Amino acid sequence: MVKRMSLQKNKGNLIIISGPSGVGKGTVCRALLEKYDDLVLSTSATTRKARSGEKEGREYFFYTREKFLELIKKKAFLEWAKVFDNYYGTPLVYVQKILQQGQDCLLEIDVQGALQVKAKWPTGVFIFLVPPSHEELVRRITSRGTENEAEVQKRLKQAEVEIGHLQEYDYVVVNDFVEEAVEKLRAIIVAERCRTIRLEWSERKLFLNKERRF
Ligand code: 5GP
């Protein structure tokens, strides 16, 4: 049985963003973090090679396959998945530390990983980013110029599978214009902080305290 993690006072929210390769998750998340500094992006671990300009510990922790498999055994990941022949995972300790500090933590992960998180952490906020059209997704994937034709086809097929899981997310945001997508994400994050479900009973009673101002 899957162990559920309970909500605790003064904890931040776990925000999970997924979407097909090429939808612009990275761009949107970066713009969101640049504009609003009250949430922290979790740094994932991966076995894929660093791309030019990527730095160890900033974009990812770049591990060997052996080290990654060892960490899976040690249950060091909140979730992990094999995406396009490489392993990716979210270090559990890192996420717990951010949430315990009362900050919201953003995970930019694939659907397989998001579904694992949902089973363990049902109070997470699950957001799916979609492209404005299929044609636009094809254009974005091909215009990066980093993938050959076979890889582009593989990513498009994968996108179809991922979009099939849309209903398992709480929110869907269309990434047509980055600025608009960022504002929609911001609205979701702020609204989620106001949900009564996130209050503990002891906190609910505080609203009856005449001395207290909110
Ligand atoms: P990229 O190699 O282009 O940085 O990422 C490839 C895919 O892996 C993206 O869909 C990205 O969201 C996903 N990904 C990145 N980090 C993680 C992670 O920690 N866990 C999972 N499950 N997917 C991840």
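**Entry 1: the model.** I noted at the outset that this is a predicted model.

**Entry 2: around the ligand.** I asked how many residues surround the ligand. I found 15, and the closest are Ser44, Arg48, Tyr60, Tyr88 and Asp110. I then sorted the shell by residue type. It holds five nonpolar, four polar and six charged residues. Next I looked for strands that contribute. Both β5 (77-83) and β6 (86-91) give at least two residues each to the shell. I checked the pockets too. The largest pocket is the space that the ligand takes up.

**Entry 3: polar atoms at the ligand.** I looked up which protein atoms lie by the ligand's oxygen atoms. In the side chain of Tyr88, an N or O atom is 2.4 Å from a ligand oxygen. For Arg48, a polar side-chain atom lies 2.6 Å from an oxygen atom of the ligand. Gly89 takes part through its backbone, where an N or O atom lies 3.2 Å from a ligand oxygen. I then looked at cover. On its own the ligand has 510 Å² of accessible area, and the protein covers 91% of that.

**Entry 4: Arg48.** I went back to this residue. Where is Arg48 in the fold? It lies in the loop between β3 (44-46) and β4 (60-62). Is Arg48 buried or exposed? Its relative accessible area is 9%, under the 20% cut-off, so Arg48 counts as buried. I listed its side-chain partners as well. Arg48 and Glu54 are joined by a side-chain polar contact of 2.8 Å. Another polar contact, at 3.5 Å, links the side chains of Arg48 and Tyr88. Tyr88 also has a side-chain N or O atom 2.4 Å from a ligand oxygen.

**Entry 5: positive phi.** I turned to the backbone. Most residues other than glycine have a negative phi. I wrote down two residues with a positive value.

Lys75 has a phi near 55 degrees and is not a glycine. I placed Lys75 in the loop between α2 (65-73) and β5. Its relative accessibility is 68%, over the 50% cut-off, so Lys75 counts as exposed.

Asp85 is not a glycine either, and its phi is positive at about 75 degrees. I found Asp85 in the loop between β5 and β6. Its relative accessibility is 60%, so Asp85 also counts as exposed.

Key: Residues are numbered from 1 along each chain as its sequence is written. This is a predicted model: local features need pLDDT of at least 70, side-chain atom pairs count only at pLDDT 80 or more; totals for chains, interfaces and linings use all residues. Side-chain values use heavy atoms; hydrogens and water are left out. A residue is near a molecule or strand if one of its heavy atoms lies within 4 Å of it. A polar contact is a pair of N or O atoms within 3.5 Å; within protein, one must be able to donate a hydrogen and the other to accept it, and residues adjacent in sequence count only if both atoms are side-chain atoms. Accessible areas come from the Shrake-Rupley method with a 1.4 Å probe; for residues, only the protein chains shown count as cover. On a 1 Å grid over the protein atoms alone, a cavity is a set of points where a 1.4 Å probe fits but cannot get out, and a pocket is an open set with protein on both sides within 12 Å along at least five of seven lines; lining residues have an atom within 4 Å of a point. A molecule sits in a cavity or pocket if more than half of its atoms lie within 2 Å of its grid points. Helices (H or I, at least four residues) and strands (E, at least two) are DSSP runs, numbered from the N terminus. Ala, Val, Leu, Ile, Met, Phe, Trp, Tyr, Cys and Pro count as nonpolar, Asp, Glu, Lys and Arg as charged, and the others, Gly among them, as polar. Buried means under 20% relative accessible area, exposed over 50%, partly exposed in between (1.4 Å probe, protein chains only).
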